[in-house]
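Hi everyone, thanks for making time. Let's have the model up on the screen before I start talking.

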Amino acid sequence: MTEHIPLTGYDRVFEPEMLMRAESLRRTLHTRRTIRDFAPDPIPREIIETCIRAAGTAPSGANQQPWHFVAISNAEIKRRIREAAEAEERAFYEGKASDEWLDALAPLGTDADKPFLETAPWLIAVFAQRRGDEGEKNYYVTESVGIATGMLITALHTAGLGTLTHTPAPMTFLTEICERPANEKPFVLMVVGYPAKTATVPAHALNKKTLPQISTFMD
Ligand code: IYR
């Protein structure tokens, strides 16, 4: 029998208050930038733990929570990740990537050098569990882990930290370095820390599509 319990936490709010809350979060999220230049200052582990807890509240297929977060501040492990990621990125920029892909990246000014993988105080490797511990199939894994990662970014940004969503391809080296089991696939590598005082962002990144461009209302 399915046990159900009363819902809590959804007390109705007055509409102007609702709009204020939504607007306030919109403004906070609008200030988020992808950071590629981090300060080396340490960030307490408790802050990272709290943000991972926030991500862990995400909805998921059949509530299977098919994610695992590996938070790394160890300098030697960060060095190994940088070395492996830069090797993949060199292969990408020097041949694997199509001209069309490189053209799309040009306004960002990215290249194969990833010093931030060592400078930033924390790396969070997000893993997606295709199957559970007992070999059972998980459902909507990509959607679930994508939502949880979005919530992780929101939590880190709200806490005042800078993030970079890094996806060197392939990321199989993360499985080995983070000592994760074969039922998990690396999903994304989040780089976390304070932005360097001198950090800049590509102007291109400020071009956000407008509401009419991203939405259709069928009133
Ligand atoms: N992974 C490479 C390339 C790259 C790809 C996309 I799509 C980006 O939005 C940014 C970079 C790198 O990290 O440089």
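I'll go through the ligand and its surroundings, and then one spot in the backbone.

A word on the source: this is a predicted model, where local features need pLDDT of at least 70, side-chain atom pairs count only at pLDDT 80 or more, and totals for chains, interfaces and linings use all residues. Residues are numbered from 1 along each chain as its sequence is written, and side-chain values use heavy atoms, with hydrogens and water left out.

So, which residues surround the ligand? They are Glu89, Phe92, Tyr93, Trp101, Leu105, Leu108, Thr110, Asp111, Lys114, His166 and Thr167, counting a residue if one of its heavy atoms lies within 4 Å of the ligand. By type, that shell has 5 nonpolar, 3 polar and 3 charged residues; here Ala, Val, Leu, Ile, Met, Phe, Trp, Tyr, Cys and Pro count as nonpolar, Asp, Glu, Lys and Arg as charged, and the others, Gly among them, as polar.

Now the polar contacts, meaning pairs of N or O atoms within 3.5 Å. A side-chain N or O atom of Lys114 is 2.6 Å from a ligand oxygen. For Glu89, a side-chain N or O atom is 3.0 Å from a ligand nitrogen. His166 places a polar side-chain atom 3.3 Å from an oxygen of the ligand. On its own the ligand exposes 370 Å², and the protein buries 71% of that, using the Shrake-Rupley method with a 1.4 Å probe.

Lastly, look at Ala169 and Pro170: the peptide bond joining them is cis, with omega near -5°.

How values were computed
A polar contact is a pair of N or O atoms within 3.5 Å; within protein, one must be able to donate a hydrogen and the other to accept it, and residues adjacent in sequence count only if both atoms are side-chain atoms.
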